[in-house]
Amino acid sequence: MKNIDEVMSKLSKRTRDRVQKANEVEIKRLELVSQGLTNALGGGIGLGRFTLIWGSKSAGKTALMLQSIGEWQRQGLICAMVDVEDTFDPDWASSLGVETEKLLVSKIKSSGEMVEVCSDFILNGVDVILIDSITALVPMSWYEKNGDPKGLEGTRQIGGQAVDLANAIKLLNGINHETAIIMISQIRNKITSYGAIQEPTGGQSVSFYSTASVKVTASKSDKDQKKEEILKNGRLVELPVAREVNWHVIYNKLGSPSQSGTYDFYYAGDNVGVDKVSEVVGMAVEADIVKKTGAWFMYDEMKFHGKDAAVNYFKGNPDELNELVVKLNG
């Protein structure tokens with residue numbers, strides 16, 4: 001009876017270079033700035049794969065990814081952003097922890113340009129590519145052969161964007177082995193016989209070729225914003241500074257789907273971005289690692305009155321925060 005090593009020894013060199021034993025397959029993941037989302041994805045987003053981040057306006061989709069890019073840069077990874085919407089702000093990115101002098105940014109408009117730029121990035125060792133957003137990509141069918149845009153009458157091809165994106169993703173998937181490609185998309189309402197359903201823009205192939213699909217939503221209502229007193233023009237004024245963001249893993253080929261959670265996203269104040277420490281403390285309470293009795297929070301021999309007091313303690317003690325994360329992951 002043949003064994004696997006005997007079979008492999010008889011394969012052509014070309015085939016052997018493309019084959020490995022299943023126990024040798026390694027899945028490389030990158031942790032996001034949100035600990036809850038990282039855990040729900042089974043350890044983060046996959047390298048060599050597509051990840052789809054989509055949802056409502058003002059949910060901080062781009063900020064979530066830029067803040068994560070800042071952390072990946074500190075790990076020595078090379079990151080790039082394809083800025084289709086032409087909205088990249090170096091100052092805002094810096095406030096989220098991005099080392100802007102080390103971030104590659106390409107301002108393109110068409111799906112054809114996106115494939116050309118991303119292919120070059122992939123083949124030359126870029127670790128992470130953020131496309132913001134695939135919704136804004138202009139289909140190639142809207143251009144003349146000489147590159148000039150057609151008139152409005154030339155944009156009526158049904159499904160032009162979906163066809164372009166499907167082919168673009170297939171082309172990039174064919175050459176990608178080590179690069180994490182993150183696609184940001186917006187919500188569209190699809191009208192069916194059962195009513196309107198929400199899905200990302202770009203057609204079915206966008207979801208099909210994505211290893212994970214994460215939907216993020218947040219309320220824009222003033223009453224749902226978190227407010228703080230901020231010194232303005234010499235006096236304290238209560239201003240909105242943050243909102244609660246809801247995330248839901250629609251599906252995930254590297255872990256369990258249908259998981260959900262929340263984190264606070266600060267868009268103003270001294271510390272903008274995802275409040276990772278507050279999120280971790282909340283997760284620790286749910287896991288009964290941090291005990292909560294009424295307004296009191298207890299961890300080991302320590303006792304805090306109110307969640308803010310507990311959060312501030314862990315912000316000032318990063319080693320104990322890391323210990324808390326280890327316990328959550330254990």
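What share of the contacts in the protein chain with a separation of 6 or more is accounted for by residues 24 or more positions apart? In this predicted model, in which local features need pLDDT of at least 70, side-chain atom pairs count only at pLDDT 80 or more, and totals for chains, interfaces and linings use all residues, such residues account for 64% of these contacts, contact meaning heavy atoms within 4.5 Å. Residues are numbered from 1 along each chain as its sequence is written, and side-chain values use heavy atoms, with hydrogens and water left out.

The secondary structure of the protein chain comprises 11 helices and 16 strands; these are DSSP runs numbered from the N terminus, with helices being H or I of at least four residues and strands being E of at least two. Taken along the principal axes, the box filled by the C-alpha atoms is roughly 65 × 65 × 50 Å. The accessible surface comes to about 17900 Å², of which carbon and sulfur atoms hold 50%; accessible areas come from the Shrake-Rupley method with a 1.4 Å probe, and for residues only the protein chains shown count as cover.

The largest nonpolar core contains 39 residues, among which Met65, Leu66 and Trp72 touch the most other members. Such a core is a set of buried Ala, Val, Leu, Ile, Met, Phe, Trp, Tyr and Cys residues joined through side-chain atoms within 4.5 Å. Two or more residues are given to this core by each of α3 (35-40), α4 (61-74), β4 (79-83), β6 (128-132), β7 (180-192), β9 (210-218), β11 (235-252) and β12 (260-266). Helix α4 supplies the largest share, six residues. When residues up to four places away in sequence are not counted, Leu66 touches Met81, Phe88, Ala93, Leu96, Val98 and Leu130. A second, separate core has 25 residues, including Ala80, Val117, Ile129 and Leu137.

Helix α9 (residues 276-286) and helix α10 (residues 307-316) have axes that come within 9 Å and cross at roughly 115°. Axes are lines fitted to C-alpha atoms, for helices over the stretch in contact, and angles run from 0 to 180 degrees between N-to-C directions. From α9, Val277, Ser278, Val281 and Gly282 meet Lys307, Ala310, Val311, Phe314 and Lys315 of α10. By class, this contact has five nonpolar, two polar and two charged residues, where Ala, Val, Leu, Ile, Met, Phe, Trp, Tyr, Cys and Pro count as nonpolar, Asp, Glu, Lys and Arg as charged, and the others, Gly among them, as polar. Within α9, Val277, Ser278, Glu279, Val280, Val281, Met283 and Ala284 are buried. The buried residues of this helix pack against α3, β11, β12, α10 and α11 (318-329). Asp288, which follows α9, has a positive phi near 65°.

Two further sites were examined. Thr211 lies in strand β9 and counts as buried because its relative accessibility is 11%. Leaving aside neighbours within four places in sequence, Thr211 is in contact with Arg49, Phe50, Tyr251, Asn252, Lys253 and Leu254. Gly44 is located in the loop between α3 and β2 (45-46) and, at 2% relative accessibility, is therefore classed as buried. With neighbours within four places in sequence left aside, Gly44 is in contact with Arg29, Leu30, Glu31 and Thr38.

Methods
Buried < 20%, exposed > 50% of the residue type's maximum accessible area, 1.4 Å probe, protein only.
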